[in-house]
Amino acid sequence: MQKLKTSFYAAGLMAMLSAGTAQAVDKAELIAMGKAVYLNKSKGNCVSCHQIEDADATQAGNQGPPIVAMKQRFPDKAVLRAQVWDATVNNPLTIMPPLGKHWILSEQEIDAVVEYVYQF
Amino acid sequence: MKIIKMMTLSLGVVLATQMTQAADSGFTLATVNPEADRTALQNYFKKRFPESEVQDYVNGIYAVDADSRAQWEEIEEFPPYEFAVEEGEELFNTPFANGKGYADCFENGGVGIRQNFPYWSKEEGTVKTLEMEINECREANGEQPLKWGKGEIAKVSAYMAWTSRDQVFDVKIPEGDTAAMAAYLDGKKFFYAKRGQLNLSCANCHVQGTNIRIRADLPSPQLGHVSHFPVFRSKWGDLGTLHRRYSGCHKDSRSKPLKPQTETFRNLEYFQTYMSNGLVVNGPGARK
Amino acid sequence: MKKALIIVAALTLAPTFAAAESFEKAYLKARAMYGQGAVFEWQGNQYVATHEEESEANVDATEANAQMMIDKAKAKNKEVAALGFEWKLTGDILKKAEAAKADGDYRKALDLAAQAKYHARIGIQQYHYAQSNWQLSVPE
């Protein structure tokens, strides 16, 4: 709970900006990374609970709802990101792991998997 | 700095007790009611799976999922644990170096007693499991204890379960024994608390998540969980004890693994077996 | 005597505590929605969503600093282990941090130790949360 305050403000903005450009340049790469996160057991392992219209997502589980109509369900992509980062905010009992809050995925991996599912 | 930390901590405790008091129906030593827990759990599954008979829960996931049941019935036609039971019988009847044997350590010569485990030992102030007593028997007779998870101990345990088939579980929590009740409550709490990096409770999969696919796996209902152990798992290719299974599932929440027969796991077995009171022993079993 | 004092203090502190909680909420929300370095406002001030451990590791990449971070992470992990809530991978992350330090990659050692310490801290939170909320999923 540090009070970094305004001195860090500029630094924070710069971090966001550089992240922004990185994303713009490498969106395809980010999506590829996101797909790997989605499928990999030691990464997001989303496939164990969510079906998705991707031929590589075989033997998907159904503990969670299928990943469809993401843009309609989450007009604000940041809200989708928050669901992935910590699903317990909406449902403390959920089986879905808090992938960001428990640092299961890095912040970049979260961005990547969000980008990947946002196509569906 | 340190003082502030302490104060917030004690505040946390104050808040926590208030919350438990507000929501309490069986969550503290003062109010916990195992019989009510057992009935509530049965009712929960009756509602979820109205087609399934309570007595059939000894068959795990096969009690609630027709597809995997068909496959399993085929497996059971040539039970993969048959040899293990025979070997277990031989081990059971082979005398120790001092001439004594397992039969001398147990009630009724060790035959038909599986349903009495685990039990609360007042003298030792702890939950005793069958596997624990198998090893205690060995040590009392000058033999080395066996490894907990698989191998000989599972075989001896399998034979003892085999001789107890169709006996009814009737685990008791001695009346007025607070320590026994605390062990039960500890097991119950362990089962329902979320833990590990993946933030999973046993209940996430074996209550809420029962019969819903995680990848290609279907978690079983926790009712009946203990009845058929030790179990022959195709994945293991051999027989394993209940605590071997506990270790695996606990690790799946990405918690630091616990060793078999730790107090935590024995309390968990006490709780889970109480939940299965009224069901029959059907070990050893076969699972995927 | 001591106990009474603490409770009184805690009660008078309560409003601050509630406020602190909502700071935590605001922090987590920003971090969840926008990731590390997100800027958010709370009670008129601006803050950056950086984990305590990330700030701690944001020091010169020297051997001494790496060692200090590793020590802190180990101590935290001991705390959570004592509560029975240690996570599975934390020990490995710490080993990797030590290996990175031995290789002279102090930056990597600092970052890994920060993650390990974070895991331990959140594990402690998880323990405390469980104490008062485990019953939510018990069938009634």
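**A guided reading of the model**

A:Ala69 is found in the loop between H2 and H3 of chain A, where helices (H or I, at least four residues) and strands (E, at least two) are DSSP runs, numbered from the N terminus. This is a predicted model, in which local features need pLDDT of at least 70 and side-chain atom pairs count only at pLDDT 80 or more, while totals for chains, interfaces and linings use all residues. Residues are numbered from 1 along each chain as its sequence is written, chains are lettered from A and ligands numbered from 1 in the order in which they are written, and side-chain values use heavy atoms, with hydrogens and water left out.

Phi of A:Ala69 is near 50 degrees, a positive value in a residue other than glycine, and at 31% relative accessibility A:Ala69 counts as partly exposed; buried means under 20% relative accessible area, exposed over 50%, and partly exposed in between (1.4 Å probe, protein chains only). A:Gln59, placed in the loop between helix H2 (27–39) and helix H3 (70–73) of chain A, also has a positive phi, of about 50 degrees, although it is not a glycine, and A:Gln59 is exposed, with a relative accessible area of 54%. Such values deserve a remark because most residues other than glycine have a negative phi, and most peptide bonds are trans.

In chain B, the peptide bond from B:Phe117 to B:Pro118 is cis, with omega near -5 degrees, and B:Pro118 sits in the loop between H4 and strand S1 (119–121) of chain B. The peptide bond from B:Phe229 to B:Pro230 is cis as well, with omega near 0 degrees, and B:Pro230 belongs to the loop between helix H8 (202–208) and strand S3 (231–233) of chain B.

Next comes the packing of two helices. Helix H4 (residues 82–93) and helix H6 (residues 152–162) of chain B pack at an angle of about 95 degrees, with their axes 7 Å apart; axes are lines fitted to C-alpha atoms, for helices over the stretch in contact, and angles run from 0 to 180 degrees between N-to-C directions. That makes H4(B) roughly perpendicular to H6(B), since angles under 35 degrees count as roughly parallel, over 145 as roughly antiparallel, 65 to 115 as roughly perpendicular and the rest as oblique. Among the residues of H4(B) in this contact (heavy atoms within 4.5 Å) are B:Val85, B:Leu91 and B:Phe92, and those of H6(B) include B:Val156, B:Tyr159 and B:Trp162.

On a 1 Å grid over the protein atoms alone, a cavity is a set of points where a 1.4 Å probe fits but cannot get out, and lining residues have an atom within 4 Å of a point; grid points are joined across faces, edges and corners, and a volume is the space filled by probe spheres set on the points. The lining consists of B:Asp37, B:Leu41, B:Lys188, B:Tyr192, B:Phe271, B:Met275, C:Val138 and C:Pro139.

B:Arg38 lies in helix H2 of chain B and is buried, with a relative accessible area of 17%. Not counting residues up to four places away in sequence, B:Arg38 touches B:Tyr274, B:Met275 and B:Asn277.

Terms used. On a 1 Å grid over the protein atoms alone, a cavity is a set of points where a 1.4 Å probe fits but cannot get out, and a pocket is an open set with protein on both sides within 12 Å along at least five of seven lines; lining residues have an atom within 4 Å of a point.
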